[in-house]
Amino acid sequence: MAAILAALGACGAAGSQGLPGDSEDTRPYAGLAEDAVIKLVGTEPFWGGRVQGTTFTYSTLENSDGEAIAVTRFAGRGGVSFSGTRGGAAVDLAITPGTCSDGMSDRTYPFVATLQIGSEQRQGCAWREGDDIGDEAGQ
């Protein structure tokens, strides 16, 4: 969870309390609406997913249909996170604004994704379904 919190705090200039952005601004991140459908892609190892409402559907090469994980949303100052459990292991997904490349194509995405499942951390990219370039690219 510490890595996820660090990712959420990594965006923006550090304020006087070590927080991103203006330290006087206490509003949660508003760049991802609560009703937005968020799509995810990551490599090495390949993984993907989709967050809609309180469900994160996590997919891998071995399980392309994905596995539904119940999650709770938290909007921090530097992004949005989703937390749940999978097979007894904590699942924490942080979505932060920033140009992201999947490393396999020339596509860029508007959000960086950091996924922590138990002790394993995975990096990836995210976009809003219907709103961002990822959908135009047929993702």
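1. A residue is called buried under 20% relative accessible area, exposed over 50%, and partly exposed in between. Phe 46 has a relative accessible area of 39%, so Phe 46 is partly exposed. The model discussed here is predicted.

2. Phe 46 sits in the loop between strand E1 (38-42) and strand E2 (47-52). On the surface, Phe 46 belongs to a nonpolar patch together with Leu 61 and Met 104. The accessible area of these three residues together is about 340 Å².

3. Side chains of opposite charge can pair when their charged atoms come close. The count of salt bridges in this model comes to four. Among them is the bridge between Lys 39 and Glu 129, where the closest N and O atoms are 3.8 Å apart. This pair links distant parts of the chain, 90 residues apart. Lys 39 lies in strand E1, and Glu 129 in the loop between strand E8 (120-128) and helix H2 (133-136).

4. The two partners fall into separate classes of accessibility. Lys 39 has 17% relative accessibility, which is under 20%, so Lys 39 counts as buried. Glu 129 counts as partly exposed, at 33%.

5. Glu 129 also forms a salt bridge with Arg 50, and here the closest N and O atoms are 3.2 Å apart. Arg 50 is in strand E2 and Glu 129 in the loop between E8 and H2, so the pair ties together parts that are 79 residues apart in sequence. The relative accessible area of Arg 50 is 31%, so Arg 50 is partly exposed.

6. Another of the salt bridges joins the side chains of Arg 122 and Glu 120, at 3.2 Å from N to O. Arg 122 is buried, with a relative accessible area of 16%. Glu 120 is partly exposed, at 46%. As for shared partners, salt bridges join Lys 39, Arg 50 and Glu 129 into one network.

7. On empty space inside the model: rolling a probe the size of a water molecule over the atoms shows where such space is left. A search of the whole structure finds one cavity of 30 Å³ or more. The volume of the largest cavity is about 30 Å³.

8. The lining of the largest cavity consists of Ala 33, Glu 34, Ala 36, Ile 38, Val 51, Gln 52, Gly 53, Arg 73 and Phe 82. By type, the lining residues divide into five nonpolar, two polar and two charged.

Methods
Residues numbered from 1 in each chain as written. Predicted model: local features only at pLDDT ≥ 70, side-chain atom pairs only at ≥ 80, totals over all residues. Heavy atoms only, no water. Patch = residues over 30% accessible without salt bridge, like charges linked within 9 Å, V, L, I, M, F, W, Y side chains within 5 Å. Areas by Shrake-Rupley, 256 points an atom, 1.4 Å probe, with all protein chains shown as cover. Helix = DSSP H or I, 4+ residues; strand = E, 2+ residues; numbered from the N terminus. Buried < 20%, exposed > 50% of the residue type's maximum accessible area, 1.4 Å probe, protein only. 1 Å grid on protein atoms, 1.4 Å probe; cavity = no way out; pocket = protein on both sides within 12 Å on 5 of 7 lines; lining within 4 Å. Points joined across faces, edges and corners; volume = space filled by probe spheres on them. Nonpolar A, V, L, I, M, F, W, Y, C, P; charged D, E, K, R; others polar.
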